[in-house]
Amino acid sequence: MNAQRSNRALRVLTVTLGILLLGLSVYTIKFYNEVKDNEKALVEEKSVVEGELRDIIAKYNEEIAENNDLKAELVQARSRIETLLDSLEQTRASQALLEGYRAEIRSLRRERESFITLTRKLKAENEKLAQQQNSALQMIDRSQSIQDSLRMQNDSLQSSLAQGALLTVSNLRPQAVLERNSGKLITTARARRADKLNVCFSVDRNTLAAPGTRNFYIQVIDPKNNVQGDRAEVAFDEQILRYSTLIALDYANEAQTVCSRIAPSGEQFVEGIYRVLIFENARLLASEVINLK
(Lines give C-alpha, C1' and ligand atoms only; values in the text may rest on other atoms or scores of the structure.)
Protein backbone atom coordinates (compact mmCIF):
# COMPACT_ATOMS: atom_id res chain seq x y z
CA MET A 1 0.00 0.00 0.00
CA ASN A 2 2.78 2.37 0.94
CA ALA A 3 4.57 1.48 -2.31
CA GLN A 4 1.52 2.40 -4.36
CA ARG A 5 1.24 5.75 -2.60
CA SER A 6 4.92 6.43 -3.12
CA ASN A 7 4.64 5.62 -6.82
CA ARG A 8 1.58 7.86 -7.15
CA ALA A 9 3.34 10.75 -5.39
CA LEU A 10 6.41 10.27 -7.55
CA ARG A 11 4.27 10.44 -10.71
CA VAL A 12 2.52 13.59 -9.48
CA LEU A 13 5.88 15.19 -8.65
CA THR A 14 7.25 14.19 -12.06
CA VAL A 15 4.23 15.67 -13.89
CA THR A 16 4.44 18.86 -11.80
CA LEU A 17 8.14 19.30 -12.54
CA GLY A 18 7.49 18.67 -16.22
CA ILE A 19 4.79 21.35 -16.30
CA LEU A 20 7.08 23.82 -14.53
CA LEU A 21 9.93 23.03 -16.91
CA LEU A 22 7.63 23.45 -19.91
CA GLY A 23 6.38 26.80 -18.58
CA LEU A 24 9.94 27.98 -17.98
CA SER A 25 10.90 26.94 -21.50
CA VAL A 26 7.94 28.81 -23.00
CA TYR A 27 8.79 31.96 -20.98
CA THR A 28 12.46 31.76 -21.98
CA ILE A 29 11.57 31.41 -25.65
CA LYS A 30 9.09 34.29 -25.41
CA PHE A 31 11.65 36.54 -23.67
CA TYR A 32 14.31 35.64 -26.25
CA ASN A 33 11.92 36.42 -29.10
CA GLU A 34 11.02 39.79 -27.52
CA VAL A 35 14.68 40.70 -27.23
CA LYS A 36 15.25 39.72 -30.85
CA ASP A 37 12.20 41.68 -31.95
CA ASN A 38 13.43 44.78 -30.08
CA GLU A 39 16.87 44.45 -31.64
CA LYS A 40 15.30 44.03 -35.08
CA ALA A 41 13.10 47.09 -34.52
CA LEU A 42 16.13 49.18 -33.50
CA VAL A 43 18.04 48.02 -36.57
CA GLU A 44 15.09 48.85 -38.81
CA GLU A 45 14.63 52.28 -37.19
CA LYS A 46 18.37 52.95 -37.52
CA SER A 47 18.08 52.05 -41.22
CA VAL A 48 15.20 54.53 -41.57
CA VAL A 49 17.24 57.30 -39.91
CA GLU A 50 20.21 56.50 -42.18
CA GLY A 51 17.86 56.67 -45.18
CA GLU A 52 16.63 60.11 -44.09
CA LEU A 53 20.21 61.35 -43.82
CA ARG A 54 21.02 59.96 -47.28
CA ASP A 55 17.91 61.68 -48.63
CA ILE A 56 19.07 65.03 -47.21
CA ILE A 57 22.53 64.47 -48.74
CA ALA A 58 20.94 63.69 -52.14
CA LYS A 59 18.92 66.91 -52.00
CA TYR A 60 22.05 68.87 -51.12
CA ASN A 61 23.77 67.29 -54.15
CA GLU A 62 20.98 68.59 -56.38
CA GLU A 63 21.16 72.07 -54.89
CA ILE A 64 24.97 72.18 -55.15
CA ALA A 65 24.73 71.36 -58.86
CA GLU A 66 22.21 74.14 -59.42
CA ASN A 67 23.51 76.83 -57.06
CA ASN A 68 26.74 78.75 -57.46
CA ASP A 69 26.12 81.55 -54.95
CA LEU A 70 26.08 79.27 -51.90
CA LYS A 71 28.00 76.31 -53.33
CA ALA A 72 30.76 76.40 -50.69
CA GLU A 73 28.26 76.67 -47.84
CA LEU A 74 26.13 73.86 -49.25
CA VAL A 75 29.21 71.62 -49.67
CA GLN A 76 30.20 72.32 -46.08
CA ALA A 77 26.69 71.51 -44.84
CA ARG A 78 26.66 68.28 -46.86
CA SER A 79 30.03 67.29 -45.39
CA ARG A 80 28.67 67.67 -41.86
CA ILE A 81 25.71 65.44 -42.72
CA GLU A 82 28.01 62.81 -44.26
CA THR A 83 30.07 62.83 -41.07
CA LEU A 84 26.87 62.40 -39.06
CA LEU A 85 25.84 59.45 -41.26
CA ASP A 86 29.27 57.80 -40.89
CA SER A 87 29.02 58.17 -37.11
CA LEU A 88 25.55 56.59 -37.06
CA GLU A 89 26.60 53.67 -39.28
CA GLN A 90 29.46 52.82 -36.91
CA THR A 91 27.39 53.15 -33.72
CA ARG A 92 25.28 50.43 -32.11
CA ALA A 93 21.63 51.45 -32.20
CA SER A 94 19.75 52.38 -29.02
CA GLN A 95 16.45 54.16 -28.51
CA ALA A 96 18.11 57.17 -26.86
CA LEU A 97 20.71 57.41 -29.62
CA LEU A 98 18.11 57.26 -32.41
CA GLU A 99 15.95 59.90 -30.69
CA GLY A 100 18.98 62.18 -30.60
CA TYR A 101 19.69 61.61 -34.29
CA ARG A 102 16.05 62.30 -35.16
CA ALA A 103 16.24 65.60 -33.28
CA GLU A 104 19.40 66.42 -35.24
CA ILE A 105 17.65 65.56 -38.53
CA ARG A 106 14.84 67.98 -37.67
CA SER A 107 17.44 70.66 -37.03
CA LEU A 108 19.19 69.84 -40.35
CA ARG A 109 15.91 70.08 -42.22
CA ARG A 110 15.27 73.53 -40.72
CA GLU A 111 18.79 74.55 -41.70
CA ARG A 112 18.20 73.33 -45.25
CA GLU A 113 14.94 75.30 -45.40
CA SER A 114 16.90 78.37 -44.32
CA PHE A 115 19.38 77.71 -47.14
CA ILE A 116 16.53 77.37 -49.64
CA THR A 117 14.92 80.61 -48.44
CA LEU A 118 18.26 82.41 -48.65
CA THR A 119 18.95 80.92 -52.10
CA ARG A 120 15.65 82.20 -53.45
CA LYS A 121 16.31 85.60 -51.98
CA LEU A 122 19.80 85.71 -53.50
CA LYS A 123 18.46 84.66 -56.91
CA ALA A 124 15.93 87.50 -56.88
CA GLU A 125 18.58 89.98 -55.80
CA ASN A 126 21.02 88.75 -58.47
CA GLU A 127 18.39 89.33 -61.15
CA LYS A 128 17.70 92.79 -59.76
CA LEU A 129 21.37 93.73 -59.43
CA ALA A 130 22.57 92.21 -62.72
CA GLN A 131 22.82 95.69 -64.27
CA GLN A 132 24.19 97.35 -61.14
CA GLN A 133 27.89 96.49 -61.08
CA ASN A 134 28.65 98.94 -58.31
CA SER A 135 26.37 96.96 -55.96
CA ALA A 136 28.15 93.61 -56.47
CA LEU A 137 30.12 93.91 -53.22
CA GLN A 138 26.95 94.46 -51.24
CA MET A 139 25.46 91.34 -52.80
CA ILE A 140 28.49 89.28 -51.79
CA ASP A 141 28.34 90.59 -48.22
CA ARG A 142 24.70 89.62 -47.90
CA SER A 143 25.31 86.11 -49.22
CA GLN A 144 27.84 85.05 -46.60
CA SER A 145 27.52 81.53 -45.36
CA ILE A 146 25.40 80.63 -42.38
CA GLN A 147 27.81 78.77 -40.15
CA ASP A 148 26.50 75.94 -38.08
CA SER A 149 28.25 75.52 -34.73
CA LEU A 150 26.01 72.68 -33.65
CA ARG A 151 28.11 69.84 -32.25
CA MET A 152 27.06 66.31 -31.91
CA GLN A 153 26.54 65.44 -28.28
CA ASN A 154 27.45 61.74 -28.56
CA ASP A 155 28.47 61.47 -24.94
CA SER A 156 25.10 62.72 -23.67
CA LEU A 157 23.16 60.61 -26.19
CA GLN A 158 24.97 57.49 -24.93
CA SER A 159 24.34 58.34 -21.30
CA SER A 160 23.15 55.59 -19.00
CA LEU A 161 20.23 57.75 -17.85
CA ALA A 162 16.82 56.43 -18.82
CA GLN A 163 15.33 58.36 -21.71
CA GLY A 164 12.14 58.94 -19.81
CA ALA A 165 13.94 60.84 -17.04
CA LEU A 166 15.60 63.32 -19.38
CA LEU A 167 14.14 66.81 -19.47
CA THR A 168 12.69 68.16 -22.70
CA VAL A 169 11.80 71.68 -23.81
CA SER A 170 9.20 73.03 -26.24
CA ASN A 171 7.81 76.28 -27.61
CA LEU A 172 11.22 77.84 -28.24
CA ARG A 173 10.35 81.39 -29.34
CA PRO A 174 13.20 83.84 -30.05
CA GLN A 175 12.11 87.42 -30.82
CA ALA A 176 14.06 90.57 -31.55
CA VAL A 177 12.85 93.33 -29.22
CA LEU A 178 13.33 97.00 -28.46
CA GLU A 179 13.31 97.54 -24.69
CA ARG A 180 11.79 100.80 -23.49
CA ASN A 181 12.89 102.56 -20.30
CA SER A 182 9.58 101.52 -18.77
CA GLY A 183 10.48 97.89 -19.33
CA LYS A 184 7.98 97.44 -22.16
CA LEU A 185 9.19 95.21 -24.98
CA ILE A 186 8.40 96.05 -28.62
CA THR A 187 9.01 93.25 -31.11
CA THR A 188 10.76 94.04 -34.38
CA ALA A 189 12.22 92.24 -37.39
CA ARG A 190 14.84 94.95 -38.00
CA ALA A 191 18.39 94.33 -36.85
CA ARG A 192 19.15 98.02 -36.35
CA ARG A 193 16.07 98.62 -34.21
CA ALA A 194 16.56 95.62 -31.94
CA ASP A 195 18.65 95.97 -28.82
CA LYS A 196 18.07 92.45 -27.47
CA LEU A 197 16.85 88.99 -28.43
CA ASN A 198 14.11 87.79 -26.09
CA VAL A 199 14.37 83.98 -25.89
CA CYS A 200 11.48 82.10 -24.23
CA PHE A 201 10.94 78.37 -23.95
CA SER A 202 9.01 75.87 -21.84
CA VAL A 203 10.59 73.15 -19.73
CA ASP A 204 8.13 70.27 -20.01
CA ARG A 205 6.52 68.39 -17.15
CA ASN A 206 8.36 65.17 -16.25
CA THR A 207 7.50 63.23 -13.10
CA LEU A 208 10.43 60.85 -13.65
CA ALA A 209 13.11 63.54 -13.66
CA ALA A 210 15.06 64.38 -10.52
CA PRO A 211 13.86 67.71 -9.05
CA GLY A 212 16.30 70.44 -8.11
CA THR A 213 18.42 73.10 -9.79
CA ARG A 214 18.89 72.54 -13.52
CA ASN A 215 21.27 74.59 -15.67
CA PHE A 216 20.04 75.65 -19.10
CA TYR A 217 22.55 77.32 -21.42
CA ILE A 218 21.25 79.57 -24.21
CA GLN A 219 23.56 79.90 -27.20
CA VAL A 220 22.78 82.61 -29.78
CA ILE A 221 24.96 82.55 -32.92
CA ASP A 222 24.94 85.43 -35.42
CA PRO A 223 25.25 85.13 -39.22
CA LYS A 224 29.06 85.34 -38.93
CA ASN A 225 29.18 82.41 -36.48
CA ASN A 226 29.86 84.61 -33.45
CA VAL A 227 28.26 83.87 -30.09
CA GLN A 228 26.25 86.80 -28.73
CA GLY A 229 25.54 87.86 -25.13
CA ASP A 230 27.92 87.03 -22.28
CA ARG A 231 30.11 84.76 -24.47
CA ALA A 232 31.10 82.76 -21.40
CA GLU A 233 32.50 79.23 -21.53
CA VAL A 234 31.85 76.04 -19.58
CA ALA A 235 33.67 72.71 -19.84
CA PHE A 236 32.00 69.30 -19.95
CA ASP A 237 34.69 66.62 -19.90
CA GLU A 238 36.75 67.46 -23.01
CA GLN A 239 34.06 69.65 -24.58
CA ILE A 240 33.91 73.43 -24.30
CA LEU A 241 30.53 75.13 -24.68
CA ARG A 242 30.50 78.85 -25.34
CA TYR A 243 27.13 80.27 -24.40
CA SER A 244 25.21 83.55 -24.35
CA THR A 245 23.57 83.23 -20.94
CA LEU A 246 22.80 80.70 -18.19
CA ILE A 247 19.41 80.03 -16.61
CA ALA A 248 19.55 78.16 -13.28
CA LEU A 249 16.03 76.77 -12.92
CA ASP A 250 14.58 75.31 -9.70
CA TYR A 251 12.79 72.40 -11.37
CA ALA A 252 9.95 70.71 -9.47
CA ASN A 253 8.73 68.25 -12.14
CA GLU A 254 6.06 70.65 -13.43
CA ALA A 255 6.00 72.57 -16.72
CA GLN A 256 7.68 75.98 -16.48
CA THR A 257 8.21 78.77 -19.00
CA VAL A 258 11.42 80.81 -18.78
CA CYS A 259 12.71 83.79 -20.73
CA SER A 260 16.02 85.60 -21.06
CA ARG A 261 17.11 88.68 -23.00
CA ILE A 262 20.36 88.45 -24.95
CA ALA A 263 22.26 91.60 -25.93
CA PRO A 264 24.51 91.73 -29.02
CA SER A 265 28.22 91.17 -28.48
CA GLY A 266 28.97 94.29 -30.53
CA GLU A 267 27.28 97.65 -30.76
CA GLN A 268 24.20 96.26 -32.51
CA PHE A 269 22.80 93.21 -34.22
CA VAL A 270 23.73 92.62 -37.87
CA GLU A 271 21.37 91.49 -40.60
CA GLY A 272 20.97 87.81 -41.30
CA ILE A 273 19.87 84.51 -39.81
CA TYR A 274 20.56 83.81 -36.12
CA ARG A 275 20.56 80.32 -34.59
CA VAL A 276 19.25 79.90 -31.05
CA LEU A 277 20.18 76.67 -29.23
CA ILE A 278 19.12 75.46 -25.78
CA PHE A 279 21.38 73.09 -23.80
CA GLU A 280 20.93 71.39 -20.47
CA ASN A 281 24.58 71.13 -19.52
CA ALA A 282 26.16 69.47 -22.58
CA ARG A 283 22.90 68.00 -23.95
CA LEU A 284 21.21 69.81 -26.82
CA LEU A 285 17.46 70.16 -26.22
CA ALA A 286 16.17 72.46 -28.98
CA SER A 287 17.20 74.87 -31.71
CA GLU A 288 15.45 77.57 -33.73
CA VAL A 289 16.33 80.31 -36.22
CA ILE A 290 15.31 83.96 -36.50
CA ASN A 291 15.93 86.22 -39.50
CA LEU A 292 16.73 89.89 -38.84
CA LYS A 293 16.47 92.20 -41.84
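This short talk walks through the sheets, the core and the disulfide of one protein model.

Hi everyone, and first a word on what we are looking at. This is a predicted model, so local features need pLDDT of at least 70 and side-chain atom pairs count only at pLDDT 80 or more, while totals for chains, interfaces and linings use all residues. Residues are numbered from 1 along each chain as its sequence is written, and side-chain values use heavy atoms, with hydrogens and water left out.

Let's start with the overall picture. The protein has five helices and 10 strands; helices (H or I, at least four residues) and strands (E, at least two) are DSSP runs, numbered from the N terminus. Of its 293 residues, 38% count as buried. Here buried means under 20% relative accessible area, exposed means over 50%, and partly exposed is in between, with a 1.4 Å probe and protein chains only. The protein exposes about 17700 Å², and carbon and sulfur atoms supply 50% of that; the areas come from the Shrake-Rupley method with a 1.4 Å probe, and for residues only the protein chains shown count as cover. Among contacts (heavy atoms within 4.5 Å) with a separation of 6 or more, 71% come from residues 24 or more positions apart.

Now the sheets. Strands pair if DSSP finds at least two bridges between them.

Seven bridges join S4 to S7. Phe216 has Ile247 in S7 as its bridge partner, and Ile218 stands opposite Thr245 in S7.

What about the core? A nonpolar core is a set of buried Ala, Val, Leu, Ile, Met, Phe, Trp, Tyr and Cys residues joined through side-chain atoms within 4.5 Å. The largest one has 27 residues, and Leu197, Phe201, Val203, Phe216 and Ile218 touch the most other members. Strands that each supply at least two residues of this core include S1, S3, S4 (212-221) and S7 (245-251). Apart from it lies another core, of 12 residues, among them Leu53, Tyr60, Ile64 and Leu85. Leaving aside neighbours within four places in sequence, Phe216 is in contact with residues including Phe201, Val203, Ile247 and Leu285. On S7, the covered face carries Thr245, Ile247, Leu249 and Tyr251, and the uncovered one Leu246, Ala248 and Asp250.

One last stop: which cysteines form a disulfide? They are Cys200 and Cys259, with sulfur atoms 1.9 Å apart, against a cut-off of within 2.5 Å for a pair of cysteine sulfur atoms. Cys200 lies in S3 and Cys259 in S8, so the pair ties together parts that are 59 residues apart in sequence. The torsion about the S-S bond is about 115°, so the disulfide is right-handed. Cys200 counts as buried because its relative accessibility is 9%, whereas Cys259, at 44%, is partly exposed. Thanks, everyone!
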